[in-house]
Each structure stands twice: as structure tokens, then as C-alpha cells.
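Good morning, and thank you for coming. Please look at the sequence and the model while I take you through selected features.

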Amino acid sequence: MPSNPPNETYEDFKAGLVAIVGAPNAGKSTLLNRMLGQKISITSKKPQTTRNRILGVVDQPKAQLIFLDTPGVHRASKLLNVRIVDAALATIADADLVLVVTDAAKPNTDAERYLVAKLKEHRKPTILALNKIDLIPKPDLLGLIDQWAATHAFASVVPISAEKGTQVEELIAEMVKMLPTGPPLYPPGSLTDLTERFIAGEMIREKVFRLTGEEIPYAAAVTIDEYKEEKQGQLVRINATIHVERDSQKAILIGKGGAKLKEIGIAARKEIERMVDCQVFLQLFVRVEKNWSRDTKAIERFGY
Ligand SMILES: Nc1nc2c(ncn2[C@@H]2O[C@H](COP(=O)(O)OP(=O)(O)OP(=O)(O)O)[C@@H](O)[C@H]2O)c(=O)[nH]1
Ligand SMILES: [Mg+2]
């Protein structure tokens with residue numbers, strides 16, 4: 001008979017929660033997706049893309065890292081953003097390890113100073129990922145590392161490119177070193193605790209972020225009104241609503257003859273099809289929910 005270890009003690013196994021924090025647009029969600037090898041967290045060129053805590057599980061031979069991707073930290077004034085930033089900062093308290101991600105090519109000094117001050121309140125082990133090194137001249141790197149090391153007692157500073165995958169394995173190895181010993185917290189291969197229904201809504205919101213300009217992305221929230229698997233799982237039927245704050249925004253979102261909404265729908269459908277690995281029927285509606293981002297009840301209804 002093959003001899004399994006009588007009862008695994010996990011003496012040499014490490015597991016823990018890693019909060020991914022940083023200024024908006026630093027590349028946090030891109031990094032999470034890169035580490036997972038799969039897209040669960042939406043990304044865009046525009047700041048403040050992520051609005052919820054996004055959990056992703058990375059299994060290693062001797063470790064399990066549970067990442068919590070968070071919205072970009074900045075000094076917010078709008079009610080929606082205040083709530084979102086508070087939630088991001090609260091994640092630090094839940095974490096065993098904090099991973100700060102910064103854009104090496106374009107540091108956001110103000111937001112990052114604020115974040116470093118918050119880190120000092122928590123005294124959690126913290127690693128810094130100096131991201132987007134594909135965009136900076138190599139000789140600049142040492143100076144940047146020194147500058148950052150002077151601001152906080154980081155356990156280590158790892159230059160990476162989340163987009164290209166450069167040094168991401170090394171970063172994971174650094175994080176594993178800092179995790180507590182213990183059994184995996186999720187069954188191996190878990191990936192995330194998010195439903196496909198939720199991620200589908202996020203993918204629609206991502207296309208709004210990527211395909212519209214001005215204030216539209218910031219005025220938009222998405223709800224999934226219906227999500228049905230049909231034909232023995234060979235088809236997913238989705239009805240979703242994009243909520244905006246004003247009639248003028250609704251008109252822009254729909255576009256001439258419905259062209260913009262159609263473009264968003266096609267892009268979102270393709271992305272959702274990749275995730276669920278079957279055909280998707282996606283129907284999008286646009287609704288005006290006057291000034292929802294200033295209204296606590298509406299904000300909560302939209303899941304923020
Ligand atoms: N060149 C380059 N671009 C990157 C890299 N990592 C991320 N990006 C880009 O940076 C932009 C922001 O990436 P996100 O992952 O959405 O950033 P984020 O930190 O999650 O942003 P928020 O959710 O708004 O806080 C996107 O356009 C990414 O493609 C990188 O290593 N190199
Ligand atoms: Mg993000």
C-alpha cells in the first residue's frame with residue numbers, strides 16, 4: 001500500500017493573508033491576475049478602477065498565499081471614494097503581510113505618503129513591489145529603492161513588472177518567507193471566493209472604464225439582474241444594468257444609435273465568455289440613478 005503521511009502536520013507549510021495596497025493605478029490588480037495566471041480583477045489605464053476587495057488564492061508547493069487586492073489609496077472627498085479607501089485601509093488590519101505596490105515610473109507621492117503613515121499605525125510586516133520597471137531606465141532603480149527604503153522599514157523591496165511578469169516569482173518567494181507557518185486556509189486550487197456573476201459585473205464595468213471617457217467611468221455602477229446557466233451549462237444568459245448619475249451620461253454611454261453600448265456589450269461578452277468557457281448572451285440596460293455616488297443607501301445597494 002502507498003504510505004501517505006499519517007496526518008499532515010503542515011510544520012513546513014506556510015499560509016496567510018496578503019493585503020495588496022498602493023496608490024491608484026500602481027498595477028495592483030494586474031499583479032494579482034499575473035500571480036493567479038488568470039484574470040479575476042479588472043484593470044484599466046484610469047485610476048480608481050478597483051472598488052471592492054478582490055480575493056485571489058495562489059498555491060505554491062509549500063505555501064498558500066491568499067491575496068486581497070484593494071482599491072487605490074488616495075485622499076478622497078467624494079462619499080463613494082471615502083468608503084472605498086476606508087475599506088482598502090481596513091484590509092491591512094486583516095492581513096498577515098502587506099504588499100505595497102508602487103509605479104516606479106510615476107510615483108504618487110501624496111497618496112503614498114498617506115499610505116506609509118497608515119502602515120506605521122499597523123506595524124505589519126511589509127514588502128514593497130516597485131512595479132512597471134519595464135518603463136524606467138535600469139540605472140534609476142537603485143536610487144528609487146533607496147528612496148523607498150528611507151520611508152519605511154520594508155522587509156524587502158522587489159523591482160517587478162506585473163505586466164511582463166518580470167521578477168514576479170522572486171516576489172512570491174519573498175512573500176512566502178514572511179508568512180506564518182500553518183495549513184492552507186482554502187482548499188488547494190480555490191482561485192477566489194468571488195462568484196462568476198460578480199466577476200461578470202466587474203468585466204462590464206471594466207469595459208465602461210476602458211471605452212468611455214471623462215467622468216462616465218466614475219459615475220457608473222453595474223448590477224447583474226439575471227444570471228442563468230442554460231443548455232446544460234453550454235450557455236450563460238446575463239441581463240445587466242449600468243447605472244449612471246445623469247441623463248447626459250446615459251446619452252453618452254448609449255452613444256449614437258446605441259453604438260457605444262453595443263461596443264461595451266461585445267467587449268464584455270467576449271471577456272465573460274473567456275471566463276465561463278461557453279457561449280454568453282449579454283443584454284445591457286442603462287438607467288439613471290440620480291447622484292448615486294453621494295447617497296449611502298445607493299452606494300450600499302451597488303455593493304460598495
Ligand atoms: N508598463 C507597465 N504597465 C503596467 C504594469 N503593471 C500594470 N500596468 C498598467 O497600469 C495600469 C493600471 O493597472 P491596474 O492593475 O488597473 O492598477 P491598480 O493599482 O489595480 O489601480 P486601481 O484599481 O485603480 O487602484 C494598467 O493600464 C496596466 O496595464 C507594468 O508592470 N508595466
Ligand atoms: Mg485595481
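I begin with G165, which is partly exposed, with 13 other C-beta atoms within 10 Å. The terms here are as follows: a residue is buried if 20 or more other C-beta atoms lie within 10 Å of its own, exposed if 12 or fewer, and partly exposed in between, with C-beta atoms placed from the backbone. What I am showing is a predicted model, in which local features need pLDDT of at least 70 and side-chain atom pairs count only at pLDDT 80 or more, while totals for chains, interfaces and linings use all residues. Residues are numbered from 1 along each chain as its sequence is written, and chains are lettered from A and ligands numbered from 1 in the order in which they are written.

G165 sits in the loop between β6 and α5; helices (H or I, at least four residues) and strands (E, at least two) are DSSP runs, numbered from the N terminus. Between the C-alpha atoms of G165 and K132, which are 33 residues apart along the chain, the separation is 10.0 Å.

Leaving aside neighbours within four places in sequence, G56 is in contact with L32, L36, I40, F67, D69, L191 and T192, contact being C-beta atoms, placed from the backbone, within 7 Å.

Let us turn to the helices. Helix α2, residues 79-94, has 16 residues and reaches 23 Å from its first C-alpha to its last, close to the 22 Å expected; the expected span is 1.5 Å times one less than the number of residues. Its buried residues are L80, N81, I84, V85, A88, L89, T91 and I92. Seen down the axis of α2, these residues fall within an arc of 160°, so they line one face of the helix. The arc is that of the directions from the helix axis to the C-beta atoms. The face turned away from the buried side of α2 carries the exposed residues V82, A90, A93 and D94. Against the buried residues of α2 pack β1 (14-22), β3 (63-69), β4 (97-103), α3 (109-122) and α10 (296-301).

In α3, the buried residues are A111, E112 and L115. They fall within an arc of 90° and so line one face of α3. T109, D110, A117, K120 and E121 are exposed on the other side of α3. The buried residues of α3 pack against β1 and β4. Just after α3, R123 takes a positive phi of about 55°.

Helix α5, residues 168-178, has L171, M175 and V176 buried. These cover an arc of only 140° around the axis, which puts them on the same side of α5.

Finally, the ligand. Of the 24 residues around ligand 1, G27, S29, T43, T50 and G72 come nearest; a residue is near a molecule if its C-beta atom, placed from the backbone, lies within 6 Å of it. Helix α1, residues 28-36, gives the most to this shell, with three residues. By class, the shell around ligand 1 has six nonpolar, 13 polar and five charged residues. Here Ala, Val, Leu, Ile, Met, Phe, Trp, Tyr, Cys and Pro count as nonpolar, Asp, Glu, Lys and Arg as charged, and the others, Gly among them, as polar.

Technical notes: Two residues are in contact if their C-beta atoms, placed from the backbone, lie within 7 Å.
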